[in-house]
Amino acid sequence: MTVTAFAPGTEERFAVARQVADAVLFEGYVLYPYRASAAKNRLRWQFGVLVPPGWGAECEEHDFQHTECLMEPKAGATLSVEVRFLHARRRTVQRARPDGGYDTVSELRLEDRVLVPWDEGGEERVEVVASVDELLGDGVTHPFRRPAREDTEPVLDAAGRTVGRLVRRSEEISGTVRLSARELDGPYRALRLTAVVENTSDWTPPEERAADRDAALPHSLVATHLLMALSAGSFLSMTDPPEWAKGAVAACRNLHTWPVLAGEPGRADLVLSSPIILDDHPAIAPESPGALYDATEIDEILALRTAALTDEEKREARGTDERAAAVIELADSMPPEVLERLHGAVRSLREVTGPGPSTPDGGFPDEYGVQRPDTPWWDPASEAGFDPARDRVVVDGRSVGQGSRVKLHPGLRRTDAQDIFLRGRTAKVEAVLHDVDGGVHLAVTVEGDPGADIRREQGRFLYFQPDEVTPLEDDV
């Protein structure tokens, strides 16, 4: 095997896929409100963590990932693999003493930021290139190692004076990439590709810290995932394989990771194997202004909430991590037209050419040429038997309708966190609504809510089912 530069064109294909791969790499890296003191930023590194084998036996995390997928390589093809992960490094903060020494402190306050201890993530890559022929039989094994290191960075104040320093320590980590392939039985020349990434670090925790995850993280491969590209040939989709390959796809073993086709739609020569389940050809929304790192992020909400942080909160966020500082700057400098673009995008519309089918008399005209039924699935005019303002429903033997007062007791089987806070509150019924499945819902406004009049004017109500309320008075 020769471990060299990627085959021509591979680097360009990887560059397209890395935008999504970076989102996997930094998924949940730092969460809103982007401060080290926030509770949800104290338990970190949730996805794709490959822990040292000596500690994995003590926990529910794993020391390996196992990927299997199908490929149809052409003669002479090579496979290029890029393993990507974060190497956690501990950052401590030290204040300068007059005698030239340094003292480790819990924080160092500067004019524009507050520096605090933090675990940073440094990106690591391991590249392996092998011919497909080499993968047959025993396959290819590629060990790798990253040595321990310590770096210091001076901290200067606004006048340029040294007021402290940051000390970053990373521990030694080691691992192995194992690649192999086996031909499938059948008329098609297809191979089952197996790619295993293992943490082989020999670190074991001290006896007194046997269950300490924080101690294991600097020796772990964090957010581990693979990019794999064929120089000639194609991979088969694991979620939508051709009929002849469905049995072979079902027999593939994928442990702690899942492979999907990556890169530009329409191509099948690149795979992303990720600890997060994705669809084929995942892509970052073009409206997204930048990485916000928050798991299941909603850009508009996060941008607005981040911009609304206090100046002190922003100072701590800037001192927490360089990536957190970039999020603060992004939210503070985002122009209105970019923020407006985050409000929503419609991607399901398509252009229709040529004359459309005729519309039946009495139907609803359709400018897009879509045939509509005489009566749509719901038409207020056709539902003359329902009137939300006048309909009533019997609850505990009492008639309840618009204007009735009720006490709320949300049902446990369908309650969300916000409803729980309304348990025991009194409310006014604004309407009785019927859904298409025959269910009845009560639209209410909560008494004592200072925004009730605005909600009523805008038609924005809270909704409960009849068995979630108790009538407080009869309305005859």
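1. The buried residues of helix H6 are covered by, among others, H7, helix H8 (322-333) and helix H9 (336-341); covering rests on contact, meaning heavy atoms within 4.5 Å. In H6 (residues 299-307) the buried positions are Asp299, Glu300, Leu302, Ala303 and Thr306. Buried stands for under 20% relative accessible area, exposed for over 50%, and partly exposed for what lies in between (1.4 Å probe, protein chains only). Helices (H or I, at least four residues) and strands (E, at least two) are DSSP runs, numbered from the N terminus.

2. On the basis of the model: it is predicted, so local features need pLDDT of at least 70 and side-chain atom pairs count only at pLDDT 80 or more, while totals for chains, interfaces and linings use all residues. Residues are numbered from 1 along each chain as its sequence is written, and side-chain values use heavy atoms, with hydrogens and water left out.

3. The chain has eleven helices and 22 strands. Of its 476 residues, 42% are buried. Among contacts between residues at least 6 apart in sequence, 68% join residues at least 24 apart.

4. Arg315 belongs to helix H7 (residues 311-320). Its relative accessibility is 17%, and Arg315 therefore counts as buried. Leaving aside residues up to four places away in sequence, Arg315 touches Arg109, Leu110, Glu111, Asp112, Arg113 and Val114. A polar atom of the Arg315 side chain lies 3.4 Å from the backbone oxygen of Glu111.

5. E7 runs antiparallel to strand E10 (residues 173-183), and seven bridges join them; strands pair if DSSP finds at least two bridges between them. Opposite His142 stands Val177 in E10.

6. The largest pocket holds about 840 Å³ of space. Its lining has 29 residues, with Ala23, Ile284, Ala285, Ser288 and Glu297 nearest the centre. Helix H1 (residues 10-25) gives the largest share of this lining, five residues. By class there are 15 nonpolar, six polar and eight charged residues. Ala, Val, Leu, Ile, Met, Phe, Trp, Tyr, Cys and Pro count as nonpolar, Asp, Glu, Lys and Arg as charged, and the others, Gly among them, as polar.

7. Grid points are joined across faces, edges and corners, and a volume is the space filled by probe spheres set on the points.

8. Ala285, one of the residues nearest the pocket centre, sits in the loop between strand E15 (270-274) and H6. With a relative accessible area of 36%, Ala285 is partly exposed. Ala345 is 60 residues from Ala285 in sequence, yet the C-alpha to C-alpha distance is 9.4 Å.

9. One cavity of 30 Å³ or more is present. The largest cavity has a volume of about 70 Å³. Its lining includes Trp45, Gln46, Phe47 and Leu86, and H1 and strand E12 (222-230) each supply at least two residues. Eight of the lining residues are nonpolar, two polar and one charged.

Methods
1 Å grid on protein atoms, 1.4 Å probe; cavity = no way out; pocket = protein on both sides within 12 Å on 5 of 7 lines; lining within 4 Å. Polar contact = N/O pair within 3.5 Å; in protein donor to acceptor, adjacent residues only side chain to side chain.
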